[in-house]
Amino acid sequence: MSEAESVAAQTKKLDPNSIEESRTVFGFWVYLMTDCVLFASLFATFAVLRNNTNGGLPGSEIFSLPYVLTETIILLTSSFTCGIGMLAARRGDRAKVMFWFAVTFLLGLAFLIMELTEFTHLAHSGNSWTRSGFLSSYFTLVGTHGLHITVGLTWMLVIFSKVSRKGVTESNLRKLTLLSLFWHFLDIIWIFIFTVVYLLGVIPR
Amino acid sequence: MSVEVAKVQKAPKNDKGRFTSYVIGYILSLYLTITAYLIVKNHLGSNFVIIALIAGLALVQFLVQLFYFMHLGLESKPRFKLLVLGFMMLVVGILVGGSLWIMYSLNYNSIPKTPQQINQYMNDQGGF
């Protein structure tokens, strides 16, 4: 056992940069890009149907822009805290990882609750997904994003329990890297939902 | 040896640089989001100007988050992530642009005329 080998064994323990460049992360990246294509088809459907309100209220009458802006800022902040959590994970700091991912989880949960509140409010005021083509495509697009958020939150819980039991091992660091990519990706999709659905939706024609 | 040197030279890969990149990304994203919100809220400009502005702001924020949050710029060569991203954007462009083009041109295909009249109509309208 030479000195070089023992040094190599130590550095092999946690090498965040090589994880980031691994085939696992690249494969996950390819998945994220195909998920973008899924969202693109839903965006295209929404863009085609957005004026087909079937005599119902248009987006400018049913969306509350300050409410959606709050949602957007909450999700953006959760993306940021997720990044800070990843910095702690790269150092192998278990306590900080637990803290920052707990913050991310709570912000994500707050976002999801706000979105579901908006959905129930719309459905109760007679603007459910069966009302018009516009609302069907709206609920499908925004609901698919909400479903992704739900999956992300569940995944976060699973990794959270793994990290609390075993600390930041190489395997957990890899999972955290994938999760953080997924979370940033959902934030990017939300930018476009915020712009195309809500901001464009409230511009009077 | 040369590999080690190459790794050391990648300064932005260190954690301090990453922290700065998250902070910059967060501040820029907040700024872009709130700017787009205020433009729509206060009706700054005509509809066309507003739409162009907020679409531009969304695209800038897309790039900001790709580089400052997802660290696309830190990828070492060959840049396969960038390649896949580029192909995704091509597919998305064809899918969304093509759908809108077809669906908003449907009235051309639903005119109750003979084929000769349609050809005449299309010529008068300048093609597509």
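These legends walk through a few close-ups of a predicted model. Residues are numbered from 1 along each chain as its sequence is written, with chains lettered from A in the order in which they are written. Local features here need pLDDT of at least 70, side-chain atom pairs count only at pLDDT 80 or more, and totals for chains, interfaces and linings use all residues.

**View 1. Helix H3(A) meets helix H4(B).** Here H3 (residues 23-49) of chain A and H4 (residues 80-103) of chain B have axes that come within 9 Å and cross at roughly 15°. That makes the pair roughly parallel (a label for angles under 35 degrees). Axes are lines fitted to C-alpha atoms, for helices over the stretch in contact, with angles from 0 to 180 degrees between N-to-C directions; helices are DSSP runs (H or I, at least four residues), numbered from the N terminus.

**View 2. The residues between H3(A) and H4(B).** Among those making the contact are Phe26(A), Trp29(A) and Met33(A) on H3(A), and Val84(B), Leu85(B) and Met88(B) on H4(B). Contact means C-beta atoms, placed from the backbone, within 7 Å. By class, there are 21 nonpolar, two polar and one charged residues (Ala, Val, Leu, Ile, Met, Phe, Trp, Tyr, Cys and Pro are nonpolar; Asp, Glu, Lys and Arg are charged; the others, Gly among them, are polar).

**View 3. Where the chains touch.** Chain B brings 37 residues and chain A brings 37. On chain B, H2 (15-41), H3 (47-68) and H4 each supply at least two.

View 4. Where pLDDT is low, the predicted coordinates should not be read in detail.

Conventions
Parallel < 35°, antiparallel > 145°, perpendicular 65-115°, else oblique. Contact = placed C-beta atoms within 7 Å.
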